[in-house]
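These are my notebook entries on one structure. I record what I looked up, entry by entry.

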Amino acid sequence: MEVIIKPDIDAASNEAARIFAAQLKRKPTSVLGLATGATPLGLYHILTTMYARSEIDFSLVTTFNLDEYVSLSASHPQSYASYMRENLFAKINVALENIHIPDGTARDIPAICTAYEETIDRAGGIDLQLLGLGSDCHIGFNEPGSSLTSRTRIKSLNEQTVKDNERYFEGAGPIPRHVITMGIGTIMEARHCLIIASGQHKARAVAAMVEGPVTADAPASMLQMHQHCTLIIDEPAAAQLKRLDYYRWVYENKPAWQKV
Ligand code: F6R
């Protein structure tokens, strides 16, 4: 796993935007895996600004979101479909028919989960998968204890995640306890994973992900086994890493041919 340490979330978002822009330039028909939450907001803002300046083009891009709350319709203000519309899709030229987000209101959830996996396969697989990190070390909504080879399916959120996400639901009813999420096996098949983490409250999860044992207890640790994973963190999120100086040295001395 390549570890990139930036002073703050703005610098981390800029670095992530650079990687997205390079991906789109290399392959305009890229299949992007996308995340929601607080962490990617800066990145999405930069991408929409770059699009407005005609620096990047999404017209041939296909997207797959990691997850959605069970029972929330796409028009519910707290759904991840609404989040994506507000923060990215309404501001870029991605084709509506190329956007994929699990349907939280589906009657037959196992069937739409299987169909989601098949649609990813038909699109040729995910080129660049954006991830955030839960403070309990989840990726997608694969909570601790999730199978490390899991596929898209329904999951129950644990107490920590419910607590972390409750702030978004103020006055909008109770937070759903169930989600549909890509599995860890699904995420592992992406050709490049890009994970961003920011803030001191993520430091423990970052250390478990990067330097802890690979275990279902810390689902993000599975990314240690990924063929091409880039982690971008800010200084507070890096605080508990043991090999901090080494990661900095590697990044600063990266050979030119390896630079994105
Ligand atoms: C969201 C997702 C989650 C979040 C994670 C971090 O689509 O899959 O794994 O990335 O919970 O959330 P924030 O960024 O709000 O700290």
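Predicted model: local features only at pLDDT ≥ 70, side-chain atom pairs only at ≥ 80, totals over all residues.

Entry 1: Residues are numbered from 1 along each chain as its sequence is written, and side-chain values use heavy atoms, with hydrogens and water left out.

One of its oxygen atoms is 2.6 Å from an N or O atom in the side chain of His138. A ligand oxygen also lies 2.8 Å from a polar backbone atom of Ala38, and for a polar backbone atom of Gly132 the distance to a ligand oxygen is 3.5 Å. Taken alone, the ligand exposes 410 Å², of which the protein buries 94%; these areas come from the Shrake-Rupley method with a 1.4 Å probe, and for residues only the protein chains shown count as cover. I then listed the surroundings: 14 residues surround the ligand, and the closest are Thr39, Asp67, His138, Gly140 and Lys202. Here a residue is near a molecule or strand if one of its heavy atoms lies within 4 Å of it.

**Entry 2: Asn142.** I located Asn142 in the loop between β6 (128–132) and β7 (153–156). Helices (H or I, at least four residues) and strands (E, at least two) are DSSP runs, numbered from the N terminus. Is Asn142 buried or exposed? Asn142 is buried, with a relative accessible area of 0%; buried means under 20%, exposed over 50%, and partly exposed in between (1.4 Å probe, protein chains only). The Asn142 side chain makes a polar contact of 2.9 Å with the side chain of Arg153. A polar atom of that Asn142 side chain also lies 2.9 Å from the backbone oxygen of Met182.

**Entry 3: Gly33.** I found Gly33 in strand β2, and Gly33 is buried at 0% relative accessibility. Leaving aside neighbours within four places in sequence, Gly33 is in contact (heavy atoms within 4.5 Å) with Phe64, Ile126, Leu128, Gln129 and Leu130.

Entry 4: I checked the length of α1: its 18 residues should span 26 Å at 1.5 Å a residue, and its end C-alpha atoms are 26 Å apart, which agrees. The expected span is 1.5 Å times one less than the number of residues. Asp8 caps the N-terminal end of α1, with a side-chain oxygen 3.2 Å from the backbone nitrogen of Asp10.

In α2 (residues 41–52) I noted the buried residues Leu43, Tyr44, Ile46, Leu47, Thr48 and Met50. Their cover includes α1 (9–26), β2 (31–34), α3 (80–87), β6 and β9 (192–197).

**Entry 5: cysteines.** How many disulfides are there? I counted zero disulfides, a disulfide being a pair of cysteine sulfur atoms within 2.5 Å. The sulfur of Cys229 is too far for a bond, because the closest cysteine sulfur, in Cys193, is 5.5 Å away. For Cys113, the closest cysteine sulfur is also in Cys193, at 19 Å, so a bond is ruled out by distance.

Note on methods. Polar contact = N/O pair within 3.5 Å; in protein donor to acceptor, adjacent residues only side chain to side chain.
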